Amino acid sequence: MNHPAPVEISCENMRFLITHNPPTNATLNKFPEELKKYGVTTLVRVCDATYDKAPVEKEGIHGICAGCTCFD
């Protein structure tokens with residue numbers, strides 16, 4: 001299944017990147033690299049955990065979660 005490309009939304013001094021295909025541990029190797037291309041510093045996950053958060057946080061991307069306990 002093809003997923004839409006990430007969508008970037010800007011509002012005043014904030015920018016949001018909406019992704020439609022959460023990574024899995026098998027595809028996680030490129031995820032932090034893709035986030036960094038967009039300048040992501042904080043990752044908000046609103047779905048159940050599909051990957052280990054440690055590699056993302058190791059790259060300096062802070063994680064928070066809305067509606068689940070993955071970053072607690």
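Modeller: One definition is needed at the outset: two strands count as paired if DSSP finds at least two bridges between them. Please bear in mind that this is a predicted model.

Colleague: In which sense do β1 and β2 pair, and over how many bridges?

Modeller: The threshold for pairing is at least two bridges. Strands β1 (7-11) and β2 (14-18) meet in the antiparallel sense, and their bridges number five.

Colleague: Which residue in β2 does Val7 stand opposite?

Modeller: β1 and β2 form a hairpin with two residues between them. The pairing of these strands is antiparallel. Within that arrangement, the residue opposite Val7 is Ile18.

Colleague: Which residue in the turn of the hairpin has a positive phi?

Modeller: Two residues lie between β1 and β2 in the hairpin. A positive phi of about 55° in this turn belongs to Glu12.

Colleague: Which strand supplies the largest share of the nonpolar patch?

Modeller: The patch on the surface consists of Val7, Ile9, Met14, Phe16 and Ile18, with about 410 Å² of accessible area together. At least two of its residues come from each of β1 and β2. The largest share is three residues, and the strand that supplies them is β2.

Colleague: Is Ile9 buried, partly exposed or exposed?

Modeller: Ile9 is located in strand β1 and belongs to the nonpolar patch. Buried requires under 20% relative accessible area and exposed requires over 50%. Because the relative accessible area of Ile9 is 40%, this residue counts as partly exposed.

Colleague: What pattern does the protein chain follow when read along the sequence?

Modeller: The protein chain contains two helices and four strands. Taken in sequence order, these elements give β-β-α-β-α-β.

Colleague: How many salt bridges does the structure hold?

Modeller: Side chains of opposite charge can pair when their charged atoms come close. The number of salt bridges in the structure is three.

Colleague: In which helix do Glu34 and Lys37 both lie?

Modeller: At 34% relative accessibility Glu34 is partly exposed, while Lys37, at 60%, is exposed. The two are three residues apart, about one turn of the helix, and the helix they share is α1 (residues 31-37).

Colleague: How many residues make up the largest nonpolar core?

Modeller: Buried residues account for 21% of the 72 residues in the protein chain. The largest nonpolar core comprises Leu28, Phe31, Leu35, Val40, Leu43, Tyr51, Val56 and Ile61. Its membership in all is eight.

Colleague: How far apart in space are His62 and Thr42, C-alpha to C-alpha?

Modeller: His62 lies in strand β4 and is partly exposed at 46% relative accessible area. Beyond its neighbours within four places in sequence, His62 is in contact with Thr41, Thr42 and Leu43. His62 and Thr42 are 20 residues apart in sequence, and their C-alpha to C-alpha distance is 4.7 Å.

Colleague: Does Gly63 count as buried or exposed?

Modeller: Gly63 is placed in strand β4. Its C-alpha atom is separated by 7.6 Å from that of Arg45, 18 residues away along the chain. The cut-off for burial is under 20% relative accessible area. Gly63 has 8% relative accessibility and therefore counts as buried.

Methods:
Residues numbered from 1 in each chain as written. Predicted model: local features only at pLDDT ≥ 70, side-chain atom pairs only at ≥ 80, totals over all residues. Heavy atoms only, no water. Buried < 20%, exposed > 50% of the residue type's maximum accessible area, 1.4 Å probe, protein only. Salt bridge = Lys/Arg side-chain N within 4 Å of Asp/Glu carboxyl O. Patch = residues over 30% accessible without salt bridge, like charges linked within 9 Å, V, L, I, M, F, W, Y side chains within 5 Å. Areas by Shrake-Rupley, 256 points an atom, 1.4 Å probe, with all protein chains shown as cover. Core = buried A, V, L, I, M, F, W, Y, C linked by side-chain atoms within 4.5 Å. Contact = heavy atoms within 4.5 Å.
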